[in-house]
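Reader: I'm new to looking at helices in a protein. Can you show me how to read the way they pack?

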Amino acid sequence: MATDGYMCVTAHFIDANWVLQKRVLNFCFMPPPHNGVSLFEKVYKLLSMWGIENKIFCVTLDNASSNDISVDMLRTQLKNKKALVCNGEVFHLRCCAHILNLVVQDGLKEIDVVVQKIHESIKYVRGLQGKKKCFYESVKQMDLDGKKGLRQGVPTRWNSTFLMLQSALCYRRAFQHLELIDYNFKHCPTGGEWEKAEKIKKFLAVFYDATLVFSGTKYPTVNLYFPQVFIVYFTLKKESDSEDEYMRKMADQMLVKFEKYWIEFSVVLAIAVALDPRYKLPFVDWCYQKLYGYASSLQYLKVHEKLFALFGEYVSNVFAPSISSKMAGQATQETKEQYANEGSLSMMQEFDSFHSMDMGNEFWYPELAAMARDVLIIPVSTVASESTFSVGG
């Protein structure tokens, strides 16, 4: 097993044809110590070697404390050179996939009895060959599709809990049939517990959908952040008022962690969705009304002010366009998201008051095009870059 430390620096940019580009600039050995000062020195050296130290709009990192120190030092260095927009306020983004993981792990600290029962049930039928054969006989008797298969949950991975519940619920009637014919099978959930499992699965599906979208590599993700996280936040608030004590307790625990990070960068990433022609500012306003009710105007005003302050810096020519604004742009291809949770899809369908805009107007609005290029390219997750370290599938 390799125990050496390595660093991967990946650059993201949008080319003249408005096509997402990603390049691994460096994959190099990182000797200890892996503290904030050492990380800063290494990153700045690599950026300088490529001659792009004054062209960085934002860096996306995970939530390690050493990363916080290194990015603060990098921000200070670039601020002194007057190389950052908005005085570095939008310079650092924490990996949203990691944050969602922390949020969900907080909620699943106390696993419900039904989740444990389903875990033991799957373990039972996947054990001895005779048990497996008996189970699939029940699958056949109940006229179910045996090709889908069962997924075993892993305690340290919440998404495996979701996938386990999703697969088990497909075979609910097979498990119930097995309980009738196999007296040694003692872990089958009751009817009420199966209904509870359905609630938990539907709840986790919201986070699963968001994580898949955040981890994309073939399309910009920052403009998809706000719609996804809006659904997450709305779901957490809704479940925190649930009559089900377990669901309410789980949502409350997750809500505390979520709001800690939401406050930190919700305004910055709301700007990105305002630049997406499928949503724009009316979508941000609509989301805040759904979340805050009458108090939404204050939240919306923060986004509005930050958006125009950022635009003002581009208009004043402090920051030149990252790609020549003389080149006519082409409209970006829309990303089609697939949702595991039907409620997420219906929530997005509720919003239908936006209008289309042709990004080919780049020639007439060079400052806006330059700002859009910089903002829309921010990766909201380090998952795609971390795949560089993977030797598996």
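This is a predicted model: local features need pLDDT of at least 70, side-chain atom pairs count only at pLDDT 80 or more; totals for chains, interfaces and linings use all residues.

Reader: Why are H6 and H8 called oblique to each other?

Author: Angles over 145 degrees count as roughly antiparallel and 65 to 115 as roughly perpendicular, with oblique for the rest. The angle here is about 130°, so H6 and H8 are oblique to each other. Their crossing is left-handed.

Reader: Which residues make the contact?

Author: On H6, they include Trp-158, Phe-162, Leu-165 and Leu-169, and on H8 they include Trp-194, Lys-201, Leu-204 and Tyr-208. Sorted by class, the contact has 13 nonpolar, 4 polar and 2 charged residues.

Reader: What about the spacing along the helix?

Author: An α-helix has 3.6 residues a turn, so residues three or four places apart point the same way. You can look for that pattern among the contact residues of H6, such as Trp-158, Phe-162, Leu-165 and Leu-169.

Reader: Is H6 mostly covered or mostly uncovered?

Author: Mostly covered, with 10 of its 13 residues buried. Among the buried ones are Trp-158, Met-164 and Ser-167. They pack against H8, but also against helix H3 (96–107), helix H4 (113–125) and helix H7 (172–181).

Reader: How far does H6 reach from its first C-alpha to its last?

Author: H6 reaches 19 Å, close to the 18 Å expected at 1.5 Å a residue.

How values were computed
Residues are numbered from 1 along each chain as its sequence is written. Side-chain values use heavy atoms; hydrogens and water are left out. Axes are lines fitted to C-alpha atoms, for helices over the stretch in contact, and angles run from 0 to 180 degrees between N-to-C directions. Helices (H or I, at least four residues) and strands (E, at least two) are DSSP runs, numbered from the N terminus. Angles under 35 degrees count as roughly parallel, over 145 as roughly antiparallel, 65 to 115 as roughly perpendicular and the rest as oblique. A crossing is left-handed if the near helix is turned anticlockwise from the far one by less than a right angle, and right-handed if clockwise. Contact means heavy atoms within 4.5 Å. Ala, Val, Leu, Ile, Met, Phe, Trp, Tyr, Cys and Pro count as nonpolar, Asp, Glu, Lys and Arg as charged, and the others, Gly among them, as polar. The expected span of a helix is 1.5 Å times one less than its number of residues. Buried means under 20% relative accessible area, exposed over 50%, partly exposed in between (1.4 Å probe, protein chains only).
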